[in-house]
Amino acid sequence: MFLRIEKGSAVPISRQISSQITALCLSEQLQPGDKLPSVRELARELTVNQNTILRVYEKLTAEGILDKRHGAGTFVADSPPLRQLKEQRELFFDEWQQLVRQGLSLGLTKAELKKMLSAALANDDTPVSSSS
């Protein structure tokens, strides 16, 4: 399972993890019944506190996205609620708008923001200078 944490982000780490796991489940990159890493394994992989992962798993279990089986681990629920996908997309759009406003307030132009988006979509980790 590939998750990416942006430690400098204004979005709390637990929310980043929760959103990414939810997106993986709803986009069926994680299939119903797939086993997730243990709390300890995922915390070590992401270099975050185990309590952070535990809270994320508990939240997603309460939302019906994950299924915790005593003694066996945490699994993707058999039928994750589809309305979650719509909510996740709306949340993403809100966060995207905030990010764009922040970039504009920092003096970036729309063209520079588009260039940054293109670089991100190309999975290019090279920083894009605002002067280029």
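**Gln 20.** I looked up Gln 20 and found it in helix 1; helices (H or I, at least four residues) and strands (E, at least two) are DSSP runs, numbered from the N terminus. At 22% relative accessibility Gln 20 counts as partly exposed, where buried means under 20% relative accessible area, exposed over 50%, and partly exposed in between (1.4 Å probe, protein chains only). Leaving aside neighbours within four places in sequence, I listed Phe 2, Leu 3 and Arg 4 as its contacts, a contact being heavy atoms within 4.5 Å.

**Basis.** The model is predicted: local features need pLDDT of at least 70, side-chain atom pairs count only at pLDDT 80 or more, and totals for chains, interfaces and linings use all residues. Residues are numbered from 1 along each chain as its sequence is written, and side-chain values use heavy atoms, with hydrogens and water left out.

**Confidence.** I read a mean pLDDT of 86 for the protein chain, with 89% of its residues at 70 or more; pLDDT is the predictor's confidence in each residue, from 0 to 100. Over residues 126-132 pLDDT stays under 50, and the model has seven contacts for them beyond four places in sequence. Where pLDDT is low, the predicted coordinates should not be read in detail.

**Chain.** I noted five helices and two strands, in the order α-α-α-β-β-α-α from the N terminus. Of the 132 residues, 28% count as buried.

**Salt bridges.** I used a side-chain nitrogen of Lys or Arg within 4 Å of a carboxyl oxygen of Asp or Glu as the criterion, and the count came to four. Arg 4, listed above with Gln 20, pairs with Glu 6 at 3.1 Å, N to O. Arg 4 is partly exposed, with a relative accessible area of 40%.
Glu 95 and Arg 15 form another salt bridge, at 2.8 Å, N to O. Glu 95 lies in helix 4 and Arg 15 in helix 1, so this pair ties together parts that are 80 residues apart in sequence. I also recorded Glu 63 with Lys 59 at 2.9 Å, N to O.

I checked Ile 21, whose contacts beyond four places in sequence include Met 1, Leu 36, Tyr 57 and Leu 66.

**Cys 25.** I found Cys 25 in helix 1 (residues 13-26), and at 3% relative accessibility it counts as buried. Beyond four places in sequence, Cys 25 touches Leu 30, Ile 65, Leu 66 and Val 76.

**Surface patch.** I looked for patches, made of residues with over 30% relative accessible area and no salt bridge; like charges are joined within 9 Å, nonpolar side chains (Val, Leu, Ile, Met, Phe, Trp, Tyr) within 5 Å. Phe 92, Trp 96, Leu 99, Leu 117 and Leu 121 form a nonpolar one, with about 510 Å² of accessible area together (Shrake-Rupley method with a 1.4 Å probe; for residues, only the protein chains shown count as cover). Helix 4 (83-105) and helix 5 (110-121) each give it two or more residues. Leu 117 lies in helix 5 and is partly exposed at 32% relative accessibility.
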